[in-house]
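Let's take a friendly walk through a protein chain together. Keep the sequence and the 3D view open as you read, and look up each residue as it comes along.

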Amino acid sequence: MEGSQPGNRTRGGRGRKHDPDVRLSKLLSYALRHGANTLGLPIRSDGFVPVSSLLALPQFRSVSQGDVERVVSNNDKQRFTIQQSENGVLEIRANQGHSLQVEVDLTPLGEELPRQAIHGTYLHHWPSILQKGLSRMNRTHIHLSPELPGEDGGVISGMRGNCEVAIFIDLPKAISDGIPFFWSTNHVLLTPGDADGLLLPKYFLQVLQLQPQRQLLLAKQ
């Protein structure tokens with residue numbers, strides 16, 4: 001992360017923007033996380049949608065079932081699950097990140113906590129987060145990661161491009177205050193936050209700016 005050159009990031013970003021599999025992944029993410037009802041998709045309560053219904057939409061007219069299966073199997077963040085239903089229908093769902101009210105498979109955190117829980121964001125969001133806390137916004141959960149980018153191959157979930165700020169959460173304190181945490185099927189740490197959908201600044205252990213240079217923005221006293 002720290003050694004990458006700006007020019008390289010620009011070229012890489014432009015290449016990914018025009019990669020058809022990246023474009024398809026974004027189309028799937030929108031349809032399955034946010035737009036199913038607007039698009040008229042028959043989404044079940046557990047978030048699954050028939051692949052055939054997706055492919056019938058105009059925005060998927062140049063996409064085949066094989067394209068969908070390839071994107072699901074090659075996605076390094078395991079954003080999607082694809083399966084055959086009991087009736088033999090191929091169906092797909094997003095594993096997390098929904099603004100739709102769906103019941104995806106979540107596992108309560110349990111007694112063994114990860115050594116750290118981190119939310120990644122951009123530097124320009126930090127002043128508002130420091131004042132108000134982390135918000136789940138229009139999603140059902142706030143997304144956290146047990147690893148910083150580059151640590152054991154880990155990445156901070158939900159970030160587009162390079163993460164600029166890492167917010168470390170005091171899990172024991174939040175849990176003792178009754179805030180639930182879950183693992184998604186693709187090992188993303190999720191929380192709905194408090195009753196207002198927030199993780200307040202009192203739960204911030206420390207905040208580390210990663211880019212453009214590393215520096216500590218906040219440390220718990």
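Begin at Met-137, which sits in the loop between strand S6 (134-135) and strand S7 (142-144). Helices (H or I, at least four residues) and strands (E, at least two) are DSSP runs, numbered from the N terminus. Met-137 has a positive phi of about 55°, although it is not a glycine. Most residues other than glycine have a negative phi, and most peptide bonds are trans. Met-137 is also exposed, because its relative accessible area is 67%; exposed means over 50%, buried means under 20%, and partly exposed lies in between (1.4 Å probe, protein chains only).

Before going further, here is how to read the numbers. This is a predicted model, in which local features need pLDDT of at least 70 and side-chain atom pairs count only at pLDDT 80 or more, while totals for chains, interfaces and linings use all residues. Residues are numbered from 1 along each chain as its sequence is written, and side-chain values use heavy atoms, with hydrogens and water left out.

Now step back to the whole chain. Its secondary structure comes to 6 helices and 13 strands. Of its 221 residues, 43% count as buried. Contact means heavy atoms within 4.5 Å, and among contacts between residues at least 6 apart in sequence, 69% join residues at least 24 apart.

Next, find two helices that pack together. Two packed helices are described by the angle between their axes and the distance between the axes. Helix H2 (residues 20-39) and helix H4 (residues 65-74) pack at an angle of about 90°, with their axes 10 Å apart; axes are lines fitted to C-alpha atoms, for helices over the stretch in contact, and angles run from 0 to 180 degrees between N-to-C directions. H2 is therefore roughly perpendicular to H4, a label for angles of 65 to 115 degrees, with under 35 counting as roughly parallel, over 145 as roughly antiparallel and the rest as oblique. Where they meet, H2 brings Asp-21, Leu-24, Ser-25 and Leu-28, and H4 brings Asp-67, Val-68, Arg-70 and Val-71.

Is Ser-25 buried or exposed? Ser-25 is buried, since its relative accessible area is 8%. Leaving out residues up to four places away in sequence, Ser-25 touches Val-71, Asn-75, Arg-79 and Phe-80.

Leu-90 and Phe-48 are 42 residues apart along the chain, and their C-alpha atoms are separated by 9.6 Å.

Which two residues form an aromatic pair? Trp-126 and Phe-204 do, and their pair is tilted, with 6.3 Å centre to centre and 40° between the planes. Rings of Phe, Tyr and Trp (its six-membered ring) pair if their centres lie within 6.5 Å; planes under 30 degrees apart count as stacked, over 60 as edge-to-face and the rest as tilted. Trp-126 lies in helix H5 (residues 126-132) and Phe-204 in strand S12 (residues 204-209), so the pair ties together parts that are 78 residues apart in sequence. Both Trp-126 and Phe-204 are buried.

Finish with two loops. Ala-195 lies between strand S10 (189-191) and strand S11 (198-199), and counts as exposed because its relative accessibility is 79%. Pro-212 is in the loop between S12 and strand S13 (215-219), where a cis peptide bond joins Gln-211 and Pro-212, with omega about 0°.
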